[in-house]
Amino acid sequence: MNQLSRIILTAAVVLPFSGPLLAQQSGTITYEVTAKTDPERMRGFRGGDDNNDREIPETITFTQLFTFSNGNGKLTTERPDFGNRRPQRDSAVQGQRRMGFRNNAQYTDLAHKKYLQVFSTSGDDKKTYYAEEDYVVTADPKAGDKTRKIAGYPCKKATIKLHDDSYTVWYTTALPFSYSPVNGLLPDSNGVVLSAEGSKRAFIATEISLKSITDNDLTIPANAEKISLEQLRDIRKQEMEKFRKRQP
């Protein structure tokens, strides 16, 4: 076999596989999330009007999009569905947007398996903070022998106890990184959780798109100040109190 023939044969073998392997390094995972509501908290956003209790849905649904590329990831959350009411007239929705969905962002250092929680305060003295949190891999998950496909990926089953709830988790090891939308619901250090269902909330991956990502906003803001998780929680609480005091 001459030199030219060997080059052609090598290209024929390598090229069909190189595209998909490279594509798996970046893309998006779309999660559909359902969660039970907390009437007391919702009433706080609505000014304590007991007559509004009947308008609060038992569950809310929303979408989370996890974008990953070059060892970085970012989870963004869309505004929840509160029964198709007009958002500009619903103080509960406005409260969720201000305190839970607009100011919060979750970034992920996939290479070092860390969650990076980011929060920005409001007002004239607005500041941005972030805190690191290591992946929590379940030490002894209750593994099942069942398998299923989710969004086209083969998944294994596990049952995980987290806080006061038990979750049925489905995860795949067919992606080249590790991730869970909820820290603590990771049964395998090399797995990606595509479904997690508990008694109060559930996550299910509806689509996985492997593609080139041009979004450069996958790392924390350059002006973010690093603090501890405890400090970040305190700042969030303080912002929540400010928001409630501003409500009529």
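**A first look around**

The side chain of D165 makes a polar contact with the side chain of S199, at 3.0 Å. Keep in mind that this is a predicted model.

- You'll find D165 in strand β9, which covers residues 165–172.
- D165 is buried but has no salt bridge; K200, the nearest side chain of opposite charge, sits 6.1 Å away.
- Setting aside residues up to four places away in sequence, D165 touches I160, G198, S199 and K200.

**The nonpolar cores**
- The largest nonpolar core has 35 residues, and I29, Y31, F66, F177, Y179, L185 and L194 touch the most other members.
- At least two residues of this core come from each of β1 (26–36), β2 (59–69), β8 (153–162), β9, β10 (192–197) and β11 (201–210).
- The top contributor to this core is β8, with five residues.
- Another core, of seven residues, lies apart from that one, and its members include Y129, I227, L232 and I235.

**Two loop residues with positive phi**
- Most residues other than glycine have a negative phi.
- N70, in the loop between β2 and β3 (72–77), has a positive phi near 50°.
- H163, in the loop between β8 and β9, has a positive phi near 55°.
- N70 is exposed, with a relative accessible area of 70%.
- H163 is exposed too, with a relative accessible area of 70%.

Methods
Residues numbered from 1 in each chain as written. Predicted model: local features only at pLDDT ≥ 70, side-chain atom pairs only at ≥ 80, totals over all residues. Heavy atoms only, no water. Helix = DSSP H or I, 4+ residues; strand = E, 2+ residues; numbered from the N terminus. Buried < 20%, exposed > 50% of the residue type's maximum accessible area, 1.4 Å probe, protein only. Lys, Arg positive; Asp, Glu negative; His and termini not counted. Salt bridge = Lys/Arg side-chain N within 4 Å of Asp/Glu carboxyl O. Polar contact = N/O pair within 3.5 Å; in protein donor to acceptor, adjacent residues only side chain to side chain. Contact = heavy atoms within 4.5 Å. Core = buried A, V, L, I, M, F, W, Y, C linked by side-chain atoms within 4.5 Å.
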